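This report is for a reader meeting the structure for the first time. It takes the two chains in turn and then turns to selected residues.

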Amino acid sequence: MVGFPLLSLTIFLPLIGALFVLAVRGDDEEIARNARFGALWTSLATFALSLLVWTRFDASSAEFQFVERIEWLPAFRIAYVLGVDGISMPFVLLITLLTPICVLASWTAITVRVKEYMIAFLILETLMLGAFCALDFVLFYIFFEGVLIPMFLIIGIWGGPRRVYSAYKFFFYTLAGSVLLLVALLVLYDETGTTSVIELASHPVSLSLQRWLWLAFFASFAVKLPMWPVHTWLPDAHVEAPTAGSVILAGVLLKLGGYGFLRFSLPILPAASAEFAPLIFALSVIAIIYTSLVALVQEDMKKLIAYSSVAHMGFVTIGIFSGSQQGVQGAVFQMLAHGIVSAALFLCVGVLYDRMHSRSIATYGGLVKRMPNYAVVLMVFSMAAVGLPGTAGFVGEFLVLVGAFQANTWVAALAASGVVLGAAYMLWLYWRVIFGQMTKRTLAAITDLDAREAAVFAPLVLLTLWMGIYPRTFLHVSEVAVAQMLQRLAPLKAALLTGL
Amino acid sequence: MPIADQLPLLWPELILGLGAMGLLLLGVFNGEGSARNVTLGAVATLLAALAVVVFAPPKTAQAFGGMFVTNDFVLFAKALVLAGSAATLVLALRFNAAEAIERFEFPILFLLSTLGMLLMISAGDLIALYLGLELSSLALYVLAAYRRDSARSAEAGLKYFVLGALASGLLVYGASLLYGISGTTSFAGVGRAINAAPGSLGALVGLVFLAAGFAFKLSLVPFHMWTPDVYEGAPTPVTAFFAIAPKIAALTLLTRVLQGPLFGLIDIWQQLFGVLALASMAFGAFAAIAQSNIKRLMAYSSIGHMGYALVGVAAGGASGVQGVLLYLTIYLVMNLGTFACILAMRRDGRMVEEISDLAGLNRTHPGLAMALAIFMFSLAGLPPLAGFFGKLYVFLAAVEAGFVGLAIAGLLSSVVAAYYYMRVVKVMYFDEPADAFDRPFGRVTTSILGATAVATVFFFLVLSPVLDSALRAAKSLFAA
């Protein structure tokens, strides 16, 4: 499979761009301008490359495609292996789409240390892409954990007043989970002698060991996702992070947790995954109901959306561990939809914050009078977050619930109640911000979306509707890969559960 | 075998010894003004010895009736020690000039101490071990107190001397017990005696006292008390030297002793050093949190890092030894870079050492801040930086040896340790700027800083060859 290293190029192009931005010299004004354009063009070029990958991607095959392999540590059988399948392909596109949007969204919002900011985002893009394309567990871990460095700096340098606390909290929650993953990885390597994702999936591991390994994986991925009760870093990180930081955090980083469950927990530890599914269901249902209730009483818009993210991720975990085609595909779709919708919602908050420097819901009201276009955009995304049919949010939740009904009726029924709660907090938020009388004098001069902001939102609105009206484009990509994974798991799971 | 045939094995030691004597004469004849030239000469001597070590054909051989041993492992360790010594001596050049404490004895002491370390690493006999250790230690005591008009430096030297002498006494006592049970001081003879009677109480007590002596040199908990004070009090380039060369020498010697004569007691020393590793990792992590002086911080950091390296020692086997060598290589690079950064912390012609002095460094000196941040992330063990791979391989060895609990505890303590490394990053990047440091930092400091930072970031590119040579070195230890 030696060919043009298209995936490597896609992954490392942002890094090369970062090096160019690093080399930018001149006075402050000049540096800032060149850094912005450098980052924008690099991320757009990366997006173009990933589109090229997508057009050449064969969705009818469950195999990994564009596989690249370079022997890295032959003595340890650890290699630099990349590849995408139907599960990781959409996430690659999500990352490459969101990064230029983040760069655009930070165009005027970030005024200090612009060069470092853009470098951090480009490095972050490389690390995220690497994590989703890595087919070696060690390689995955390196990218997965490396994400912490730029994200810590982004929250800590360009964040709000409590940025230091939030940056630390984010960093240490994730790090503590990750080191357990590292131990599990070492034990697994000691047991099987390989770190290749493909080989590991076909290597039987005894049930007792699976249980421990599964819990270690869980510690890492559950924090990243995040699941209740280890979700508390997320609202803090979101509130303090700059807008684009929240976008990447909600849009991509959370998905690393779900992707980890899908790529590692499920195929490598099938029996333990089946055994612990009730635990996941319980935690997910709690997450959906509890965090929805918490979201209802939030006064900070970013915090509200952050809590709603935890609830939405609850659907993802239910879907993944339902073990049915609809459930798993629904989970993948839900992650993509949430990646677009919550990212867009954070951008919407960013638009208001740039104008009024407040995220408090009470600051606003009656915006529809001054910002009609903004009201429409926010409505699309609010509806998508609620799960209105015809928007991206509906398809994922619906499929997950269908899958959940097959696994456990109670779980499905309780999770479905979360949809109602979701409607409550989102619609109430929309009502308080957009409708009502515009009584506040400070809002009198507020302006509607400008051209740059419209350019940011246009692709997201389009995608949200596309995913809602014709989801097949996206479901089709993951269909075969998911089917094959479940098919391979079924006998393994059954044999291990009955035989041991 | 005639002596003339054995001497070529000792080329690095001969170069250092003769170089030290020659430079001493030069210094005495030319007086204080020659300090700079003597230092440059000493650096050249170290580099010459390094070249001999690196380019010498590796072979396993003995000299002087087994007193002196050489093999791939020994050469690997010597290369690290020589590189560390040469680099710290170069860093000292500018520091001593700026602090007006240039004296020609300084580089001579460096050379003698390094010579002692090389002899330690090559020791094939308990007597040779002790002589090498004392030669290096005596020079280090003087170096710690080198800044004689500073009370802190004198205190550091005295403290180090008194505690060091005690530790040497423990070590010699342990060695004497081993001599008592075996009737010989040669490693091979001791090994035979222990294998013949593995349960002997004398061997056990000897091992424990020997371990205590080594633990002091390596500043392992609970023999670490001297470390923060000495690190803080000693002149900064000497602190850098303390943090690097003697640690590498003592740890590699310990590895050789444990895998050689004391191999028969592996069940016991695995437990012993497993506990020492655990205590050092945990203590290094928790105690450093409250530090405000960056040199003290680095003292606790090195306590913790010796704990991590010791995990590889406790794991035993070729993969454990390989992990130790890899860890020490990375440790050398990271510490060298960090101390180069610390040496750049000068304001109005004086050293500043508080972490708060780094506030807002990202605004005032972006390059320095980026380099120090890279070292901090690497010391914390975050991928893809070098420090991660060091941890990966020692913990892999631990897991392979069945010490999963030790691996979990070690990695969790690395999370705690990450807290204080991140604090340095936080101060540099998140806080409001303090006054700028003096410029320029000097060409030598800047180039060492740049080289180590690049090496830390791109270490993964050379990981495979480094692992290969570490594995070759580790295997040579088991072949003998």
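What share of the contacts in chain A with a separation of 6 or more is accounted for by residues 24 or more positions apart? The share is 81%. The model is a predicted one.

## Chain A as a whole

Chain A is made up of 500 residues, and 65% of them are buried. Its secondary structure comprises 19 helices and two strands. The radius of gyration is 22 Å, close to the 23 Å given by the globule rule for 500 residues, so chain A is as compact as a globular protein of that length.

Chain A carries 28 positive and 27 negative side chains. The centres of these two sets are 8 Å apart.

## Chain B as a whole

Chain B contains 20 helices and four strands. Its radius of gyration of 21 Å is close to the 23 Å that the globule rule gives for 480 residues, so chain B is as compact as a globular protein of that length. The C-alpha atoms occupy a box of roughly 65 × 60 × 40 Å along the principal axes. Of the 480 residues, 65% count as buried.

Contacts between residues at least 24 apart make up 81% of those in chain B that join residues at least 6 apart in sequence. The accessible surface is about 15900 Å², with 68% belonging to carbon and sulfur atoms. There are 26 positive and 24 negative side chains in chain B, and the centres of the two sets lie 2 Å apart.

## Salt bridges

Side chains of opposite charge can pair when their charged atoms come close. Over all chains, the structure holds 20 salt bridges. One of them joins A:K169 and A:D236, whose closest N and O atoms are 2.8 Å apart. This pair links distant parts of the chain, with A:K169 in helix α7 (residues 163–192) of chain A and A:D236 in helix α10 (residues 233–240) of chain A, 67 residues apart. A:K169 counts as buried because its relative accessibility is 16%, and A:D236 counts as buried because its relative accessibility is 10%.

In chain B, the side chains of B:E99 and B:R147 form a salt bridge with an N to O distance of 2.2 Å. B:E99 is in the loop between α4 (72–98) and α5 (105–122) of chain B and B:R147 is in the loop between α6 (126–144) and α7 (151–182) of chain B, so the pair ties together parts that are 48 residues apart in sequence. B:E99 is buried at 16% relative accessibility, whereas B:R147 is partly exposed at 22%.

## A charged network in chain B

B:R152 and B:E353 also meet through their side chains in a salt bridge, at 3.7 Å from N to O. B:R152 is partly exposed, with a relative accessible area of 40%, while B:E353 is buried, at 12%. Through shared partners, salt bridges join B:R152, B:E155, B:K159, B:D229, B:E232, B:K295, B:R296 and B:E353 into one network.

## An enclosed helix

Is helix α10 of chain B largely enclosed or largely open, and which residues are buried? Seven of the eight residues of α10 (residues 226–233) of chain B are buried, so the helix is largely enclosed by the rest of the structure. The buried residues are B:W226, B:T227, B:P228, B:V230, B:Y231, B:E232 and B:G233. Their cover includes α6, α7, α9 (201–217), α11 (236–259) and α13 (294–315) of chain B.

## Two buried residues

A:G365 sits in the loop between α14 (325–356) and α15 (372–386) of chain A. Its relative accessibility is 8%, which means that A:G365 counts as buried. Leaving aside residues up to four places away in sequence, A:G365 touches A:R432, A:V433, A:F435, A:Q437, A:M438 and A:L443.

B:S413 is part of helix α18 (residues 404–430) of chain B. With a relative accessible area of 5%, B:S413 is buried. Beyond residues up to four places away in sequence, B:S413 touches B:M281, B:A282, B:A285 and B:Y308.

Notes: Residues are numbered from 1 along each chain as its sequence is written. Chains are lettered from A and ligands numbered from 1 in the order in which they are written. This is a predicted model: local features need pLDDT of at least 70, side-chain atom pairs count only at pLDDT 80 or more; totals for chains, interfaces and linings use all residues. Side-chain values use heavy atoms; hydrogens and water are left out. Buried means under 20% relative accessible area, exposed over 50%, partly exposed in between (1.4 Å probe, protein chains only). Contact means heavy atoms within 4.5 Å. The radius of gyration is taken over C-alpha atoms; the globule rule is 2.2 Å times the number of residues to the power 0.38. Accessible areas come from the Shrake-Rupley method with a 1.4 Å probe; for residues, only the protein chains shown count as cover. Lys and Arg count as positive and Asp and Glu as negative; His and the chain ends are not counted. The place of a charge is taken as NZ of Lys, CZ of Arg, CG of Asp or CD of Glu. A salt bridge is a side-chain nitrogen of Lys or Arg within 4 Å of a carboxyl oxygen of Asp or Glu.
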